[in-house]
Amino acid sequence: MEGDSKTQPKSDDKMGAADHLELERTSFTESLTEMVVADDWEPIPADPNYTNPLVRFYRKRINGYDHIAPNFFLVQGYEKHLAGFQARPSDIIVASFPKSGTTWLQELVWRVVHGETGVSSGDATLEYRFPTLEFPPSPIMNMRPLEDVPEPRLIKSHLPYQMLSESVLSSGAKVLYVSRDARDACVSAYHWSRMVNLYVYRGTFPEFRERFTRGLLFPGPYKEHVKGYLDHADTVLCLTYEQLHSDRAEAVRKIAAFLGRMLTDADVEGIVANTGFAAMKANPNTNFHQWHEKGFARKDQEEGGQLRKGVVGDWRNYFTEAESDAFMKWRNEPV
Ligand code: PPS
């Protein structure tokens with residue numbers, strides 16, 4: 001089995017998909033050198049639809065969750081990094097399954113906390129203002145070590161509730177969670193996986209959807225992820241992508257109340273006006289243009305970027321009625 005190899009090939013000769021694009025040679029891809037993963041991570045079979053030959057996925061059951069991570073994380077002292085995280089009472093964590101509206105909720109939270117209601121949103125990109133808990137600090141990604149972030153620290157995470165450190169739960173840190181119609185999250189993840197040089201996915205959407213339902217994407221099974229947070233909705237503020245679309249003012253008020261921040265009606269209006277899709281796509285501090293410049297994401301912009309389409313129901317363009325029925329049957333089966 002190809003995935004059994006713990007040492008990843010450096011050459012392009014394992015690139016499999018017929019229509020693969022050349023990896024863009026950038027400082028980011030150049031940083032992906034030979035990767036050796038610890039033995040207690042189970043390699044999952046290689047999928048040639050991921051045309052980046054350097055990246056493989058691994059699985060490990062952690063606190064009852066079948067966590068999936070790419071080797072790229074695992075070689076950087078991932079578990080040590082997670083174990084070393086000590087939450088503080090003032091921490092604010094925005095959690096999600098990827099592509100569920102994380103960026104949107106992060107920007108709303110940042111603005112509520114900083115009382116920023118205008119066009120600008122600070123003087124740095126979102127990933128600097130709001131680093132990700134599970135990504136070891138990377139100069140390429142312009143992320144700071146969490147110890148260097150001033151309080152209150154605003155932290156993004158895709159970790160499941162089951163994997164949040166004990167200190168998050170005992171410290172009184174505030175956790176917010178955003179979920180999205182799984183069909184739209186899957187479509188969004190498909191385009192993202194095509195766009196980033198980590199993966200350069202070139203399989204079909206049905207092939208990708210199968211990986212989604214089988215729980216083979218980072219960070220692991222979708223339904224268990226959502227359930228983990230919804231089961232703790234008494235302490236976690238759970239919002240949906242669809243709510244951010246239908247009544248963002250109400251969502252902003254809920255966030256402010258949850259975080260103990262006072263906002264006037266004018267503040268709420270200002271935040272709502274500057275966090276629509278077009279506004280965030282035009283804002284260099286929220287549109288992730290740096291991913292393309294630094295080679296994390298492909299330069300061709302074919303996939304539309306991190307802020308791709310920003311609509312509810314794009315899944316209709318990717319699922320037949322029968323496929324949607326089957327997917328929702330899976331979605332609604334209890335875990
Ligand atoms: S990530 O990489 O997991 O953090 O991605 P995430 O931010 O969770 O999800 C990206 C999708 O959210 C959409 N998005 C928005 N939609 C509407 N309005 C605003 N302001 C907004 N900001 C982000 C983004 O476009 C991605 O969805 P798709 O469907 O791909 O467009």
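**Close-up views of a predicted model**

**View A. The antiparallel sheet that contains β1, β2 and β3.** Two bridges connect β1 with strand β2 (residues 57-62), and the two strands run antiparallel; helices (H or I, at least four residues) and strands (E, at least two) are DSSP runs, numbered from the N terminus. Within β2, Arg-59 is the bridge partner of Glu-42. The open sheet has three strands in the order β1-β2-β3 with antiparallel pairing, where two strands pair if DSSP finds at least two bridges between them. Its edge strands, each pairing on one side only, are β1 (42-43) and β3 (65-70).

The structure shown is a predicted model, in which local features need pLDDT of at least 70, side-chain atom pairs count only at pLDDT 80 or more, and totals for chains, interfaces and linings use all residues. Residues are numbered from 1 along each chain as its sequence is written.

**View B. The parallel sheet of β5, β4, β6 and β7, with helix α4 packed on it.** Four strands in the order β5-β4-β6-β7 form an open sheet with parallel pairing. The edge strands are β5 (154-157) and β7 (237-240), each of which pairs on one side only. From one strand to the next the twist averages 20°, with axes taken as lines fitted to C-alpha atoms, for helices over the stretch in contact, and angles running from 0 to 180 degrees between N-to-C directions. Strand β4 (residues 92-96) is joined by five bridges to strand β6 (residues 174-179), and these strands run parallel; Tyr-177 in β6 is the bridge partner of Ala-95. Helix α4 packs on the sheet and touches β4, β5, β6 and β7, its direction making about 165° with that of β4; here two residues are in contact if their C-beta atoms, placed from the backbone, lie within 7 Å.

**View C. The shell of residues around the ligand.** The ligand is surrounded by 20 residues, the closest being Thr-102, Thr-103, Ser-188, Arg-308 and Gly-310; a residue counts as near a molecule or strand if its C-beta atom, placed from the backbone, lies within 6 Å of it. The elements that contribute two or more residues to this shell are α4 (102-114), α7 (182-195) and α13 (277-282). By class, the shell divides into five nonpolar, ten polar and five charged residues, with Ala, Val, Leu, Ile, Met, Phe, Trp, Tyr, Cys and Pro counted as nonpolar, Asp, Glu, Lys and Arg as charged, and the others, Gly among them, as polar.

**View D. The crossing of helices α11 and α12.** The axes of helix α11 (residues 248-259) and helix α12 (residues 265-273) come within 9 Å and cross at roughly 120°. The two helices are therefore oblique to each other, given that angles under 35 degrees count as roughly parallel, over 145 as roughly antiparallel, 65 to 115 as roughly perpendicular and the rest as oblique. Arg-248, Ala-249, Val-252 and Arg-253 of α11 make the contact with Val-268, Ile-271 and Val-272 of α12. This contact has five nonpolar, no polar and two charged residues.

View E. Most residues other than glycine have a negative phi, and most peptide bonds are trans.
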